[in-house]
Amino acid sequence: MTNRPRLPDPNGPELADSTLAVHAGEDRLKVGNAMTDAIFCSATYTFPDTQAAIDYATLKLPREEYGRYGNPTERVAERKLAALEGGEGAILYSTGMAAISSLLMATLQSGDEVVLFDECYHRTRELCKKHLGKFGVVTHQVPACDYERMEAAINERTRLLISESPTNPHLSVVDLERFASLGKKHQVATMIDATLATPYNVKPLSYGIDYVVHSCTKYLGGHNDLLGGAVIGSEQALEPVRALRGATGMCIGPHEVYLLLRGIKTFELRMLRHNENGLRVARFLEGHPRVEKVYYPGLESHRDHEVAKRTMRGYGGLITFLVKDADHVQTAAVVDATTIPRIGPSLGGVESLIEQPIVMSYHSFTKEQREAVGIRDNMIRLACGIENPEDLIADLKQALER
Amino acid sequence: MKFRTRAIHVGNERDPLTGAVVRPIHLATTYVQPGAGEWGEFDYSRSGNPTRKALETTLASLESGCGALAYASGMAAIHGVTMLLSAGDHVLAGTDVYGGTYRLLHKVVNRAGIDVSLAPATDLDAFEAAIRPETRLVWIESPGNPLLSITDIAACAEIAHRHGALLGVDNTFATPVLTRPLELGADIVMHSATKYLGGHSDVLGGALVVRDKELYDRLYFLQNATGAVLAPLESFLCSRGIKTLELRVREQCRTAQRLAEWLDGDDRIARVLYPGLPDHPGHAIAARQMDGAFGAMLSFEVAGDFAAAKRVAESTKLFQLAVSLGAVESLIEQPASMSHASYDRDARLAHGIRDGLIRLSVGLEDFEDLQGDLDQALAWISQAGGRHLA
Ligand SMILES: Cc1ncc(COP(=O)(O)O)c(C=O)c1O
Ligand SMILES: Cc1ncc(COP(=O)(O)O)c(C=O)c1O
């Protein structure tokens, strides 16, 4: 039997996301006729003779050379992610931060400027302001979803517009069409960290965004057992980014790539469940007398609900809420009284996680610094896993009503 | 806690040393002991391993047992059960048991002076009549392979116990999501973890779960003495698979049900064998014994000959041509030329496995994508001149 084309086959039928998650990017006949992709641990790849090595170098033949430049298992995962995002290509990294920092380093140089929506993973903010600042890159921070302020901050040195969507931990949702058109109008590249959205809920490239980045540590891996990151876009946009990875070497390991591939097989199922759990738990919290406010884009009360409804298929598993009339100790008591979610940072895995941002991500911030980015003492961030939603709700109820 | 929550949390408590939300994979073969003659929880990896123990704890919870044992393969697990027997004992198994079980009983177990016979477990009177005074073990499977016959587990438990035998159930096809045999009176439940439990075509493994501590101790002794334990990396992958077990199985069953209904109304198909169809002979029992769904295995006969069925099985693009089952990838096979090719044709036909039979293991792909794929493959049937043309 001859090998069939990889899916999605441009000449074949269009396939749904669940089918892509299982099959996209994989060879139909694999090494040894195996059902699943092999884990290639090889650090280097050999040539049958010198001429073959010369041919590879001069003709740029599509084959492996050395692990830092690519690995067969990794390429499968990159093609799968590209297919799910509707991009031409993807590049994998050792972590989400490696993906973000690589993209920034590949697209920016000294004297360039970036404009950033201020609500984002604090390490991304730190990376731009502190580390890139050292190399002479200037960062302008504007309030999330304030497109006028963003436009006002753009000048002829601006090279990149950056946002997350939804943002962490306030779950603001960016109007991607508007964000992309700002970039197009001023000929500035746009990057969306869509870690919290995932390609199941939104596909930013389809709105004209140039780069999508993910912490694959979260929903894509999905089992809290791997670190990884990805940049996805058109081949042209990715070219300098790929070249830089070969130079800096922020590669993901083959075992982690395999776990990522395996995680993506159940991606749609998990997302459906995260979305359902997120919405049900958010509604429960909103109706609870001990809860002051719930940040969840699926709730009508959320500032960006209209944008979210228009652009997202579901709203994910992350919920942020404020405990009514509680100081940080009383808030901690709610966290500590839960029995199903484990206390810890991160999100997107099958296991629910809960944390108080002031003691985790924002522990080193002063109160003023925290308040400037909207982090309150009575704030709890809950990353719903895929447990039974009634179990989660019952657990939160007893924790709030203690 | 509900099933899905237990699948994620029971056995997977946070690592006490580091707080890791996913426990480390313990590859160590031996463990340092507190003192000479004093034993810690783990001593040597064949006797016990923390990563394997975590999987066993989850499985015991999901199957409502007192304990579980993880084996190197499904066959190793069944073999573990047969080692409970002694020369002179008799085993009665259902006629629809997996071929590897048939081979184990008739070519390996029998050499120890153990008598083996088969009887149809779907006919309870005939099944009970086949029990002998020395019958110690009754072994059944539901749904059966490849005809998806349904066996009444509670009734078989009563029969076995009436005659002083243990009932073992191979629950590989149903999974604990749908059927928990120990709750229905069975003594031992067995899995090829290679299938739905692992779920990703990348773990070879097996498991036994029991209700009775004394029986657990005997099985544990045999496993430790003979050594067919599941390795730590496989235990980890299997535990990881179980976290999405309920989601996968329910979704795969939903798609299988829709495919069965669609195939049932298609005139290129002679008959569909799926317990979720009301005219399936085991439908009523399945509706009682399986929790809200009928499994993700489905067989059908095309209206055509051996060559036509072979053509169909070779023409799908999403369904891949392979044996095994239970994973996220959909598989197709022709029992007459693949899983049951070792039978001679008359024996195979007598068993109800006809030339036109095709078996599907329905995976996680989108229903319409799978339907479209089968539809184009079935084009061979009209061309070959199927029933509707005759
Ligand atoms: C939105 C977002 N982007 C990026 C990251 C960084 O990813 P990683 O932890 O994989 O480096 C995280 C989480 O840590 C995140 O939540
Ligand atoms: C129902 C059933 N039982 C037992 C087995 C044997 O399991 P394993 O292949 O893991 O040894 C299989 C599959 O091969 C099976 O389908």
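In chain B, 26 Å separate the centres of domain 1 and domain 2, taken over C-alpha atoms. This is a predicted model in which local features need pLDDT of at least 70, side-chain atom pairs count only at pLDDT 80 or more, and totals for chains, interfaces and linings use all residues. Residues are numbered from 1 along each chain as its sequence is written, chains are lettered from A in the order in which they are written, and side-chain values use heavy atoms, with hydrogens and water left out.

**Domains of chain B**

Domain 1 of chain B covers 3-242 and domain 2 of chain B covers 246-378; such bounds come from an automatic or database domain assignment. Between these parts, 34 residues of domain 1 of chain B are in contact with 37 residues of domain 2 of chain B, where contact means heavy atoms within 4.5 Å. The two domains of chain B bury about 2,800 Å² between them, with 61% of it on carbon and sulfur atoms. Buried area is the accessible area (1.4 Å probe) that two parts lose on being put together, summed over both. One salt bridge is counted between domain 1 and domain 2 of chain B, a salt bridge being a side-chain nitrogen of Lys or Arg within 4 Å of a carboxyl oxygen of Asp or Glu.

**Domains of chain A**

Chain A is likewise divided, into domain 1 (17-265) and domain 2 (267-400). The centres of these domains of chain A, over C-alpha atoms, are 27 Å apart. Their contact takes 37 residues from domain 1 of chain A and 39 residues from domain 2 of chain A. About 3,300 Å² is buried between the two domains of chain A, and carbon and sulfur atoms give 56% of this area. On the side of domain 1 of chain A, Y200(A), N201(A) and Y219(A) supply 24% of the area buried against domain 2 of chain A, more than any other three residues. Two salt bridges are found across this interface of chain A.

**Interface of the two chains**

Between the chains, 39 residues of chain A are in contact with 38 residues of chain B. Chain A and chain B bury about 3,500 Å² between them, 56% of it on carbon and sulfur atoms. In chain A, the residues that lose the most area to chain B are M35(A), R262(A) and R342(A), together 21% of what that side buries. Six salt bridges are counted between chain A and chain B.

**Salt bridges**

Over all chains, the count comes to 54 salt bridges. The table gives examples.

| D152(B) | R288(B) | 3.9 Å |

D112(A) lies in the loop between α4 (96-107) and β2 (113-117) of chain A, and R159(A) in strand β4 (residues 158-164) of chain A, so the pair ties together parts that are 47 residues apart in sequence. Helices (H or I, at least four residues) and strands (E, at least two) are DSSP runs, numbered from the N terminus.

**A helix pair in chain B**

The axes of helix α2 (residues 50-62) and helix α9 (residues 232-242) of chain B come within 8 Å and cross at roughly 35°. Axes are lines fitted to C-alpha atoms, for helices over the stretch in contact, and angles run from 0 to 180 degrees between N-to-C directions. Among the residues that meet are L55(B) and L59(B) of α2(B) and F236(B) and I242(B) of α9(B).
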